[in-house]
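Reader: Hey, can you walk me through this one? I'd like to start with who touches whom.
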Amino acid sequence: MGSREVSTVDWQGKHVTVAGLGVSGIPAARALHGLGAVVTVVNDGDDERSRTQAAELEAEGITVRLGDGATLPESTELVVTAPGWRPDKPLFAAAAEAGVPVWGDVELAWRLRGPGAAPWLAVTGTNGKTTTVRMLASILEAAGLRTAAVGNIGVSLLDAVLGDEEYDVLAVELSSYQLHWAPSLRAHSAAVLNLAPDHLDWHGSMEAYAADKGRIYEGNRVACVYNAAQKATEDLVREADVEEGCRAIGFTLGTPGPSQLGVVDGILVDRAFVENRHEQAQELAEVSDVVPAAPHNVANALAAAALARAFGVEPAAVRDGLRAFRPDPHRIEHVADVADVAYVDDSKATNTHAAEASLAAYDPIVWIAGGLAKGAAFDELVTGAAGRLRGVVLMGRDRALIREALARHAPEVPVVDLDRTDTGAMSEAVREAARLAGPGDTVLLAPACASMDMFVNYNKRGEAFADAVRALAAESD
């Protein structure tokens, strides 16, 4: 079931424009050039990094136009775009007017798959994609299958499709951006983990965002996995055009019904892929096998298990794969205990939906929050968490939005408002949180905001938090 064969498209001499330098554009340009296409890369930016990248590509025979991402080069027969380029870009309007198709990097990888290539088990959702895909890959590996976590994570899809490595199955993370530009994708099975407002500036509306997420179900062969707690994900399954015999499989943190996976008495159970799903359930793993066993992470594990079971993986491999898995840094990561207070880094909680899941996992909490709100509102988040908050420390550019929501819905909770956005603010935030916390509390960094007002990315924000906690621990020794 290797993936070395490429499609029968005759790329020799085909004029292809690649939109955007970067993590997807450069591999796409090189892959197409290697297949014999005449490749031109267009890029909005013309900075030093772009010029260095352009020089490397031009040395290989690839034309690059910097500072001109709006004009469609003459003779273009296909545009391959980086997923982040918005659909309203002038380049795409010009392509539509000229009758030129636009593919994303995922569409390109899908089209380059040959007969007998490894099937895809695909995952999308507002939050939890990376963790779920990595859990799924761990389960597939435990089953003895040759696999990789690819897509918006780990190995690039193009490398997986065109490389020498042979795979039995791929665990594929897909963003809404990637799905928008991937009309031909047809997965073996796919999951939408959850839906919450995000990237609406790119998609234009919540309806358009959800519709792009729902593309992941189109043409599924075996299973469309949905979140039973979110009707919107099930609605996407109902709207999808799937192959005959493809089943809707729900996952729930409660007792599962037929055709669902869920939790009974601390056990992850399967009532979907068993002979008599109306009367039987198959034990898969214990909740304690999921690390950390926060509710949203257990939900991720159930979604991964559902996709693995759809591929025919035995229950023991589900258990072994979950036991072997450890999440990436800055995802509800326990940093240390200092003076009987737990310090947890969930810097990856860059939106309200992710922060809501994180806040639901602990009680009582001193919450560190704030950053770039990206147009989000915080009333619902604060209302849901108010009863578990011991105190709140706010930092970052848009912290006032959270402070105002706290004043409306949790006026009794003490709030420290740090009027600074330099990177050193994190050390002060941790010290203020320590002052508010008591034995048995959890100090939780779950910002509900993006990081770029103060930090390069959420990783750097999480590292600053961990460094500040370790400094606090050293002082208390």
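Reader: Okay, what does Leu170 touch?
Author: Leaving out residues up to four places away in sequence, Leu170 touches Ala118, Pro119, Trp120, Leu121, Thr147, Ala148, Val150 and Ala160. Contact here means heavy atoms within 4.5 Å. This is a predicted model, where local features need pLDDT of at least 70 and side-chain atom pairs count only at pLDDT 80 or more, while totals for chains, interfaces and linings use all residues. Residues are numbered from 1 along each chain as its sequence is written, and side-chain values use heavy atoms, with hydrogens and water left out.
Reader: How many residues does the largest nonpolar core have?
Author: 53 residues, and Leu170 is one of those with the most contacts inside it, as are Trp120 and Tyr217. Such a core is a set of buried Ala, Val, Leu, Ile, Met, Phe, Trp, Tyr and Cys residues joined through side-chain atoms within 4.5 Å; buried means under 20% relative accessible area, exposed over 50%, partly exposed in between (1.4 Å probe, protein chains only).
Reader: And which residues does the second core include?
Author: That separate core of 41 residues includes Leu121, Met135, Ala285 and Leu322.
Reader: Switching topic: how many aromatic pairs are there?
Author: Four. Rings of Phe, Tyr and Trp (its six-membered ring) pair if their centres lie within 6.5 Å; planes under 30 degrees apart count as stacked, over 60 as edge-to-face and the rest as tilted. Phe92 and Trp181 make a tilted pair, 4.7 Å centre to centre with 50° between the planes.
Reader: Are those two buried or exposed?
Author: Both Phe92 and Trp181 are buried. Ring pairs also link them with Trp85 into a cluster.
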